[in-house]
Amino acid sequence: MNFHAIRAIYGFEMARTRRTLLQSIISPVISTSLYFVVFGAAIGSRIPEIDGVSYGAFIVPGLIMLSLLTQSTSNASFAIFFPRFAGTIYELLSAPISYAEIVVSYVGAAATKSIIVGLIILATATLFVPLQIAHPLWMLLFLVLTAVTFSLIGFIIGIWADNFEKLQLVPLLIVTPLAFLGGSFYSIDMLPPVWQTVTLFNPVVYLISGFRWSFFGIADVSVALSLGMTLLFLFIALAIVAWIFKTGYRLKT
Amino acid sequence: MKRLSMTTSLTRKDPNTMCGNDLKLFVRRRAANRAGSAIFDRMQVIISVSNLSKSYASGFEALSNVTLDIRRGEIFALLGPNGAGKTTLISTICGLVRPSTGRVTVGGHDIITDFRAARALIGLVPQELTTDSFESVWATVSFSRGLFGKPPDPAHIEKVLKSLSLWDKRKSRIMTLSGGMKRRVLIAKALSHEPRILFLDEPTAGVDVELRQDMWALVRDLRETGVTIILTTHYIEEAEEMADRIGVISKGRLILVEDKVELMRKLGKKQLALHLDQRLEQIPAALAHYGLVLSDDGHELIYTYDAKKEHAGILALLRGLDEAGIAFRDLNTSQSSLEDIFVSLVKEEQ
């Protein structure tokens, strides 16, 4: 195990976060606060409680998930895309470091960043709405699993993308819509029956449902199913990453 | 056969006639010699490339059955035209390109099954100026050291930066540096983890004279500390100046590996130019077999000869000239440069 290398990459990535503090931490916090003001306070006051939870509080888990998904994918995809783009990846590929160690370092750093963002948003939310967390350990588990899974997905995108456009494409056209339509702002029960069924094909529904359950004890789908699906995505992402390294896809000729 | 064994038994001690202690000593020495020479052979070779080929899905064969041993502590220059496979060969040894067939060991470690041990020995300076932009020089060089599995050592990083005249720039962002400085940063990164082998891929391409000379001095200093250096270059004078041995690669094939001096001696044609006292109308028949060339003005005779046979040839020619009554007032010899050799080799191959 090359601990020094893991530490070097992790430290390098975290240093990048510190350098771009405004972009990586402050801007997601500001944009989420705007959601609270608009949806939670302004519009939310006219929306009735959902399962006994005020609308302002109801959207907190969804908003944290929304940031978690977009931050994880963009952090991890950029972290591995940029060395490829700049050519500095030669050093990584010629270093005495295993693929598993590369993934642990990059995905670990990206997940750490998005978890920090998630926790800051959570702290910010308490300023706007009274909040209680029913199952804090489960909340952390879902937070970490989701951050890791979507950082892995980001890593895959960063390797697949061969230009900046593609790098933005997946987060913009897939991750954000799925997160918005996955019940960030509403309960699935509020949809017409047909759309309730369609929504179940959206993987993000399970993540948000489980995460919301850890806050309020209410969920659209069962917690076991949420956890199971979250783990399933994690393993699919791991399998794709393993395939990438096995074949050297876009990394080695 | 019999006589041979008798002489050896006379010079050495015959084991059959030895007493107990002698015999033990003899056996031990012989074992030590054998083990010693095996170890010596192993130690001599630091990189062993055998039957290495690399072909791409398109069918293009970048490397074709390359076999090469790099000796510990030498400076090896890999010459070849653009696209010959120099970078592919280096990239394969360093783990950037997957070999199609063949095997490579570095310090006795297979580059695939034992890649950690193999890669830890290597520092690579790539051809392109691929550096980070926003990091400081210090941070990027320290990063490389960690990446190669070494614990932080600020004193070593300081030494490397100072040796490359980068110390004053250690806090500068890399993007603010000139091209030459970036090249130095890449070298510092490669040296950050104290490699035993340094690959320099076109180290002096697009580099000014001062930096080139600095680089040469650095390479010599590194060799003093026992680092093996493999460099690729277009500049023949660089290989001529630096290398102990030279490999020529063309179209993915290693067409020649030779000691530099030996190569120059073997393939180097020498020319002897004689400036004649008086104009010569034609070459006397007695000297015809030398293949002399007479200049248009008749004042210069040029004799092209094989460097290996220089003594006999020149002496006989001079004697022949004397006998023919041709006097000369000056002479000079010139040897073909590595560039001439290289061009003729590659032409032959094509």
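Me: What makes strand 3 of chain B count as mostly covered?
Reply: Five of its five residues are buried. Buried means under 20% relative accessible area, exposed over 50%, and partly exposed in between (1.4 Å probe, protein chains only). A strand is a DSSP run of E with at least two residues, a helix a run of H or I with at least four, and both are numbered from the N terminus. This is a predicted model, in which local features need pLDDT of at least 70 and side-chain atom pairs count only at pLDDT 80 or more, while totals for chains, interfaces and linings use all residues. Residues are numbered from 1 along each chain as its sequence is written, chains are lettered from A and ligands numbered from 1 in the order in which they are written, and side-chain values use heavy atoms without hydrogens and water.

Me: Which residues of strand 3 of chain B point one way, and which the other way?
Reply: Ile75(B), Ala77(B) and Leu79(B) point one way. Phe76(B) and Leu78(B) point the other way, and all of these residues are buried.

Me: How do you know that strand 3 and strand 8 of chain B pair?
Reply: Pairing requires that DSSP finds at least two bridges between the strands. Strand 3 (residues 75-79) and strand 8 (residues 228-233) of chain B have five, in the parallel sense, so they pair under that definition. Phe76(B) stands opposite Ile230(B) in strand 8. Strand 3 also pairs with strand 9 of chain B, in the parallel sense over four bridges, and there Leu79(B) stands opposite Val248(B).

Me: Why are strand 6 and strand 10 of chain B said to stand at the edges?
Reply: The open sheet has six strands in the order 6-7-8-3-9-10, with mixed pairing. Strand 6 (122-125) and strand 10 (253-259) each have a single partner strand, so one side of each is left without a neighbour in the sheet.

Me: What lies across strand 6 and strand 7 of chain B?
Reply: Helix 7 (residues 179-191) of chain B does, running at about 170° to strand 6. Helix 3 (residues 86-94) of chain B lies across several strands, including strand 3, and runs at about 150° to strand 7. The angles run from 0 to 180 degrees between N-to-C directions, with axes fitted to C-alpha atoms, for helices over the stretch in contact.

Me: Why is Leu21(A) called partly exposed?
Reply: Leu21(A) has 43% relative accessibility, so it too falls in the middle class. Leu21(A) is found in helix 2 (residues 21-43) of chain A.

Terms used: Contact = heavy atoms within 4.5 Å.
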